[in-house]
Amino acid sequence: MFHFLLRVVLTSLFTVWTDSHVGMRRDLKLQRKTYWTLLPVTESLSSLPAATRGTQSCLKSLKSCSRIDEQRCEFPLPLKSQLLTIGADLPLILPPKLGGYWVDPPLQRLVDVSPTSSHYGFVPECYDIMERDREAKIYHKFFRSRYHHSFTAVDPALGHLVLSVCLEEEESKLRVILRMKECSLHGAFSVSLFPNIPSAVELAKMLCDRVTVSKFEVVSYLKAPELITTFDEHRVSPNFKFGVLYQKDRQFNEEDILSNNEESEEFKELLSILGETIQLQGFTRFRGGLDVCHGQTGSEAIFTSFHGREIMFHVATKLPFTDGDPQQLQRKRHIGNDIVALVYQEGQSPFLSDIIKSHFLHCFLVVRRIKRAEDTSETAYQVSVTAREDVPPFGPVLPDPPIFTDRALLREFLLTKLINAEISCYKAQQFSRLELRTRLLLLEGLHAELCTRSQCMMGDPSIASLPSSEGPRVVSEGSGGFIENFKRAIRVRSHSFETLGVPRRIGGSASQRPKAEKDGEGDRSPGPLPADSLGPSEIKDQASPQEDT
């Protein structure tokens, strides 16, 4: 009886251990020659009393059970320190078992990454910063300084349209911009092509043959160029915020990484490469959602200016630490709402692409400090990148091998790569859908604002005069993130519809509407986002007043 009970207990203890051990060895072996040396199950069991060795056959039979296969996890996080010992140089990043991420450089290229190689990085001239929207400033460049007209219409199929037309007499060109919910179309036509200046409808159809409206309304509001410029450039921002994580040796889960408080001298050195340490209290430049008044997000942060752009880093070790909270939500509410994060590794433990659970984080840059064989006093940094599979590749290209010895060159590369990573992440499916919705709401707000103020300008008695102190309520340039743009777009839309006397559409059941209006949710939250885009914690965090910049 005693042997039977002991066998049952040992079976339950070792089933998950053995199954995870075998599955992990099989998967990692396909990606690269063994990075991990695991303790064999037979060696572990051989140290047990003879009466318990009979459990091996029971474990083998249970391993083939479908329920065990369904419950298999990619890495048994609580057992890593007991099961894994480092047997060779490990890559900086390991992709998840279920895929969904790409890694650069690929694991196949890491067979021989020698810190003694003489080819380190490229020249900084190769580090080009991507443009978020190449045509965003066409209106400001070619229209604002010239006499031009703007028109509005609502197409049955295309929705709201805003058209701008400018005659460049010195070059005999007719320049046209048509703004639609999907995109803006721009064209320049020679005046010699037309015996007479075409109508607004004809010009719109020349840019898009799907236009079906028969008439455009002229915009007579004197400050219309300001509103139009703000809409066109709502995707252009000189401000960026990135997360910074500190991964110590043998840390394999989110809780351990976010719980680090002490900063090593090596980590501090990397932070000094990224930017300068600033005091948050009273800080007047771009703050990236950090509290600069009450100290609720810590007292220090890392900030830098880079080629006309301002960057705030959300460093995990500098954000508030909460005792008794293993998830460290005060830290994750900032880093988890960033789109790109940098990870500094101390030791040989690789970073798993999906180790940080977040709806927003789409890309990680991982940096590991290494020593050169011929000169141990000189420091070198190895860099690797991982991103979700729907994020397009972005520059600058990693050198081969991906190692940097020059601090200035490393800073230039990392900051350029971080900025380009965020811009590229916006093309991922989740963000592209949200951006399309943001643009639609902003276009609706712009159209309503232009129509209302033009009617007031013409003295339409059916429209009450707007207060003179009421300025344009379109998103301001450089707000510091398109999530903030989305929240402001909701406010713009609500304000514009109220001005026109159109009732607001509030989602949800009738029982929820009075509460939403009472609590003022339209002024504090980003509105109903797609269900697969945001989780409850992200929605709550984005609605925080500290996120406004």
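Let's start with arginine 175: its charged end sits over the ring of phenylalanine 142, 3.9 Å from the ring centre. "Over a ring" needs NZ of Lys or CZ of Arg within 6 Å of the ring centre and within 35 degrees of the ring normal. Arginine 179 does this too, with its charged end over the ring of tyrosine 139, 5.2 Å from the centre.

A word on the source. This is a predicted model, where local features need pLDDT of at least 70, side-chain atom pairs count only at pLDDT 80 or more, and totals for chains, interfaces and linings use all residues. Residues are numbered from 1 along each chain as its sequence is written, and side-chain values use heavy atoms, with hydrogens and water left out.

Now ring on ring. Rings of Phe, Tyr and Trp (its six-membered ring) pair if their centres lie within 6.5 Å; planes under 30 degrees apart are stacked, over 60 edge-to-face, the rest tilted. That rule gives 14 aromatic pairs. One is tyrosine 139 with phenylalanine 143: stacked, 5.3 Å centre to centre, 20° between the planes. Both tyrosine 139 and phenylalanine 143 are buried (under 20% relative accessible area; exposed is over 50%, partly exposed in between; 1.4 Å probe, protein chains only).

Next, phenylalanine 351 and phenylalanine 364. This pair is tilted, at 5.0 Å and 55°. Phenylalanine 351 lies in strand E15, residues 351-352, and phenylalanine 364 in strand E16, residues 363-371; they are 13 residues apart. Strands are DSSP runs of at least two residues, numbered from the N terminus. Buried or exposed, phenylalanine 351? Phenylalanine 351 is buried, at 0% relative accessible area. Phenylalanine 364 is buried as well, at 1%.

Last item: Tyr127, Phe404 and Phe413 form one aromatic cluster.

How values were computed
Helices (H or I, at least four residues) and strands (E, at least two) are DSSP runs, numbered from the N terminus.
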